[in-house]
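This explanation is meant for a reader who meets the structure for the first time. Please keep the sequence and the model in view while reading.

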Amino acid sequence: MGENLAILSRREESFITTLVNHKERTKITERTAKALAKVGEAVSFAVDRFVSVGESIGDEHPELRSEMCETCLEARQAGNAIKQLTMHNYAVNDGSLKPFTEKNHMVRAARKLLSAITKVLLIADKVIIKQLIASKDKVLCSLTELESVDSFTDFVQAFSKFGNNMVELAHLTGDRQNDLKSDKQKAQMASARAVLEKSTMMLLPSCKTCLRHPECYSARQNRHGLFVQMRQALHLIQNVATDTGYHSVTNGSVSPTAANGDSGIVLGGSGQSANKAIKDFEDQVEMVRVTHINNYFADKLRSALDVVIETTQDFTDSAYTSHDHREKIMEVTEYLQQAVHVLIKTGVLQMHKDSIATQELETCILKTLEVSKSLKKQLQDTAMDQASELFKCNEDHVLLRNLQTAGIAGEVGSVDELSVKFEEHIDQLEEVCKLFRHIATTEPLVITAEHNEIILRSMGPLILHAARTLAQYPASKIAKENLDLFADAWESQINDLSILVKEVNDFCQGKTDRLVYMSLPRPGCFVYKQHATAVKPKIMRHKQLNPVKRAMKHKGYSPSALFNAYKLVKETGIPVKTAARQYGVPHNTLRDRVKGRVDPETLMTGPGPLFTQEEEAKLVEHIKHMADLGYGFTITEVVSKASDYAVFLKKRSPDKPLSVKWFSGFRKRWPELRVTKPRALTKCRAASTSQQAVNSYFTNLETVIMNNNLLNKPECIYNIDEKGIQTEHSPPYIVGGKASVPAITSSRSAVTTIIGGGNAIGTQVPPFFVFKGQRMNEDLLQGAASGSAGTMSKTGWSNSVIFHEYLESHFLKYIQRPDSNQPVLVIFDGHRSHINVPVLEWAKRNNIILFVLPAHTSHCLQPLDVGCFGPLQKIYNNTCHKFLREHPSSKITRFNVAALASSSYVTALSNNNLKSAFQKTGIFPLDRTAISTDNFKPSEPYVAPVQEPSEQVPDVQCDLNAYFRAAETVIELKKEFHQASAKKTFSNVVSGQEITSSDISQQIITKPKPIVKQPTKTPRKPKSNIPKKVCKKSSSKESHMYSPLFSTTQNLLLDHHTLTFF
């Protein structure tokens, strides 16, 4: 409504200008009188429309109604007065013309009308400011509510409310930024909106991490830092809207300060920029030609020179400025001081009107300006070289990846070491931003440099907090996602800094083309998506200092600006060019949408996508479904499938397949698709991890826990598992100068097994080692962790005897329970070495409950597999790599395994990791929803009903689903063969059961021993005269290929292309 008032007021001003500028004449013709009367009627009509809008604003806001009504009454009276003054009478009786009204009456009426219009606009502006502040307060309240939640349910509700309020504020601040006249205030609003945009994107994973790990100090600090940033940005929005001064947004505090001469953004006392100081100095030197030099002007010139020298100290005092540049700056500064001294001395002689002195003064002026330009050029070279060295090393990418790697590995010490380096790098980035603020030649560039410095200074500590959180909880997916998102946001900001460097360099070289600043969001571009954890900013690597300049074919306006201009033309009927000029959009682009030649919601030019949105949605759904089943497509296969799909839809000929370039655009339209490295999953695990099996497991587990009163006793719930390690480790990622470098490892040896365990409260059982050999050597345990033990086996793997020995002589010593009457639950997988009569008898004697996991589900149900043994392997690899580097003349043998693996074991099975592992597997707290439904997707072909593929080609006009269903049916056909080959094994009896119960233990005791078939000697066949190569025996695989069942399956798989293209 405020925009409509502004448009109407501009139309009235044009009409009034026409009336006031009309030439005053004693007599006017009838034609002129009629034209003036039409203008007066147009003014009156426009005033009526304007007043009606103002009165409606007053009705909506009772506190402003009386003031608005009085002002609107004044405007209506002034409009009527102008209408009366322009009314005409026809010729009088004597045939002469009526004299025109005096011009001063028209001027007084016009002034009265413009004064009333201005008052109405000011009142309407108060309403807009009030709405913006109210929206800001709503966001602030929802932010406070979001900070106080302590459960996921309340968090989802609070975050949804916060998202709705943020969208409303984004629209209001975008419109307000358009209406602001001051470049400083526009920059302040843009900076606040940019902080809100980046902080909102990172707020969701940060809050989820804090809720998942409430006891973690670094997670709380990470979230607290985001809340501080957002509150500062909200305060900044209010200060700009109410024009109450500027506040600095630095170091976690908001303090009112005076704005500097360059921009409205205060950076903790930043003074005048070097470029502005040099420009003011050059202006003073130029004024010498006019004002001459007296004592007052000489002092003024010296003061300007002192300011220039003071600003150059930021360059010379910087620790990252090279020695050569520092020396050159000081040398040029000394030359400039000498030139000013000569200029003042010559100016004093010029006061005597000596012609020779006047010529010398002009020479001194030119010499001083030349030295000043040399100083400016030297400062620019210093800043550009410093930025070039910074981007050439690409240290951001290396440090972030090392932080992520150390966090995933749980190396808290490495994260602390990298944090020191990262903080030093942040200081270097701030120095670069400060220097570029000094050399920026335009105010928007100065503001952009200051904005980058604010974001980098505030975001750096938050990244370190996120890395420390991940290091404490390396098995936490949400902590990893939080760090990844912060790292992506950091690299995006570094990319903005590289663009700023390019723009400043272009302006310094005189390339003053129109540029689009990516570091500041344009009005109306702030888009918020609720719960968009997967949405990440697009990143361009800064591999070089000078990125390629964007061509002018890219649009320099926001989609919201184009839509608002279109809406304004349709609602008010103003000319297309007027609306295009107001919103800064091309008038031809706007006219195409107004005329209906282009859809108003179309944002891109050029040909549209090959497929419609519905067709692409079906393709995306099929790609995602096949990936969930474990049979995903590569990029080349996706392009091939899309080509066949286009041929099927008759949108492409078979001889014109799609290219990888199509896939690039396809991914931009569907950012939810990700190119990733899938994890290996065997078929037996895929078939066994079904939702039915997991639900049955949790039902039995819940029964055991409730019957034995273990629901609130995590110290009595244990998990045991084995982990095999070798002396030949997998080298970790290293930093080098080439793409492929070697890493020294030991030779492969026999497997050494670690039997580990821990409870849900986070207490680990010391490791138990199984070495390959006949007799135990105590030297094998040298350097092992306290409480470690070991034994020998022929293979290095555990067996029934060793497992029973581990339970009886090692595990039982470390059980935490108040007395022997308290039952203890031990969960392990159903390996055959774990289930035997001696183990059952031991468990019953010691009041131990043995619970076996469902077969082939340990990858998602066993705590040690899910949260501990993965980090254990990574830490062990890093430890071995470090050992070989520190002892280059040694190699790792089985006598080093216990020492190296023990330190890895203690770190991987830490208190936090064990708690997180039991929580992630849903054992404690007992929660079957902790198992992600994504784990059940690969089992769908084995449990879902199979639908035989139709022999008819699906009709695209009827249903696109049938087109993709045929390809998925081929995957489901393997269910028949899986069920046909399923055997009744003993694991089906104990899978997902308490084996210490009476019925299960009885079945184990009475289990018949397997019948071992004695090998029978077959008579030797007579030698054949056929050569050996000819009578080569066919392999079992070849003989299997001729079986009827395989033949039928092969035909189905080969002929499925006749059903469909997928």
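The model is predicted; local features need pLDDT of at least 70, side-chain atom pairs count only at pLDDT 80 or more, and totals for chains, interfaces and linings use all residues. Residues are numbered from 1 along each chain as its sequence is written, and side-chain values use heavy atoms, with hydrogens and water left out.

The chain has 38 helices and eight strands; helices (H or I, at least four residues) and strands (E, at least two) are DSSP runs, numbered from the N terminus. Of its 1062 residues, 45% count as buried, where buried means under 20% relative accessible area, exposed over 50%, and partly exposed in between (1.4 Å probe, protein chains only). Among contacts in the chain with a separation of 6 or more, 76% are between residues 24 or more positions apart; a contact means heavy atoms within 4.5 Å. The mean pLDDT, the predictor's confidence in each residue from 0 to 100, is 77 for the chain, and 78% of the residues reach 70 or more. Over residues 245-269 the pLDDT is below 50, and this stretch has 67 contacts in the model beyond near neighbours in sequence. Over residues 1023-1062 the pLDDT also stays under 50, with 33 contacts beyond four places in sequence.

Two packed helices are described by the angle between their axes and the distance between the axes. Axes are lines fitted to C-alpha atoms, for helices over the stretch in contact, and angles run from 0 to 180 degrees between N-to-C directions. Helix α5 (residues 152-179) packs on helix α6 (residues 183-212) at about 170°, with the axes 11 Å apart. α5 is therefore roughly antiparallel to α6, since angles under 35 degrees count as roughly parallel, over 145 as roughly antiparallel, 65 to 115 as roughly perpendicular and the rest as oblique. The contact includes F155 and F159 of α5 and L196 and L203 of α6. Its residues divide into 14 nonpolar, five polar and five charged; Ala, Val, Leu, Ile, Met, Phe, Trp, Tyr, Cys and Pro count as nonpolar, Asp, Glu, Lys and Arg as charged, and the others, Gly among them, as polar.

Helix α21 (residues 635-648) and helix α22 (residues 660-669) pack at about 95°, their axes 10 Å apart. α21 is thus roughly perpendicular to α22. Here I635, V638, V639 and A642 of α21 meet V660, W662 and F663 of α22, and the contact has seven nonpolar, no polar and no charged residues.

In soluble globular proteins, nonpolar side chains tend to be buried together. A nonpolar core is a set of buried Ala, Val, Leu, Ile, Met, Phe, Trp, Tyr and Cys residues joined through side-chain atoms within 4.5 Å. The largest has 105 residues, and L203 and W490 have the most contacts inside it. Helix α15 (residues 443-472) gives the most to this core, with 13 residues. A second, separate core of 48 residues includes L710, I815, L825 and W842.

Some single residues complete the picture. I278 lies in helix α8 (residues 274-286) and is buried, with a relative accessible area of 2%. The peptide bond from F924 to P925 is cis, with omega near -5°. N847, in the loop between α26 (837-845) and β8 (848-852), has a positive phi near 60° although it is not glycine.
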